[in-house]
Amino acid sequence: MKGNALLYLVEGGAPALVALLARAAFFALKKDIARHKKAAIIHVAATWISLIVVAVLVNMGYAIGENAPAWILNIHLAIIYLIPPLLVILPATALTGRRTAHMMAAITYCMVWAATLITGAMIFSMSKGWL
Ligand code: HEM
């Protein structure tokens, strides 16, 4: 275990990813597809970068939330594993004009993000002894 400062820094970027997702969703709901596409592509690229950096740091031995119970860490991890396939499905369905599939993937993706944030906050609170 190498401490946690770097990992906290990267995971601290999550609100920026959520803000970009909210912007993409906002423009989709307004049917401003050009702006939606731009915000979504930036969100997807930033999320890939964040996932890769976190994976590299975890493999290097960085860790946070080690004091939280294993069950919540496992649930959080299982939810996070749903993100990469959806990051492929979202642009693939959009760019091939499969609108219904794209919207279903978008709803799933937003729910996965909500579950990620809730379980992430639970891990943080549990490891601090607040929960
Ligand atoms: C790289 C990722 C993405 C790209 C390139 C993309 C692109 C597009 C495009 C081109 C459309 C128009 C589809 C059509 O009318 O046939 C669309 C629609 C839509 N997208 Fe995305 N999108 C992406 C990610 C997302 C994400 C992350 C969300 C979740 C908020 C989302 C939610 C929606 C929704 C709800 C619509 C339907 C809008 C309407 O009512 O017309 N998309 N997207």
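Which residues come nearest the ligand?

**View 1. The shell around the ligand.** Of 21 residues around the ligand, Ala25, Ala28, Ala40, Ala94 and Ala106 come nearest. A residue counts as near if its C-beta atom, placed from the backbone, lies within 6 Å. Helix 2 (14-29), helix 3 (33-59), helix 5 (83-95) and helix 6 (99-128) each give two or more residues to this shell. Helices are DSSP runs (H or I, at least four residues), numbered from the N terminus. The ligand lies between domain 1 (1-64) and domain 2 (68-131), because both give residues to the shell. The model is predicted: local features need pLDDT of at least 70, side-chain atom pairs count only at pLDDT 80 or more, and totals for chains, interfaces and linings use all residues. Residues are numbered from 1 along each chain as its sequence is written.

**View 2. The largest nonpolar core.** Twelve residues make up this core, among them Leu17, Val44, Leu90 and Trp113. Such a core is a set of buried Ala, Val, Leu, Ile, Met, Phe, Trp, Tyr and Cys residues joined through C-beta atoms within 7 Å. Buried means 20 or more other C-beta atoms within 10 Å of the residue's own. Helix 6 supplies the largest share, four residues. Each domain gives at least three.

**View 3. Where the domains meet.** The centres of domain 1 and domain 2, taken over C-alpha atoms, are separated by 12 Å. Domain bounds come from an automatic or database domain assignment. Seven residues of domain 1 are in contact (C-beta atoms, placed from the backbone, within 7 Å) with seven residues of domain 2. On the domain 1 side, helix 3 gives the most, with four residues.

Notes: Contact = placed C-beta atoms within 7 Å.
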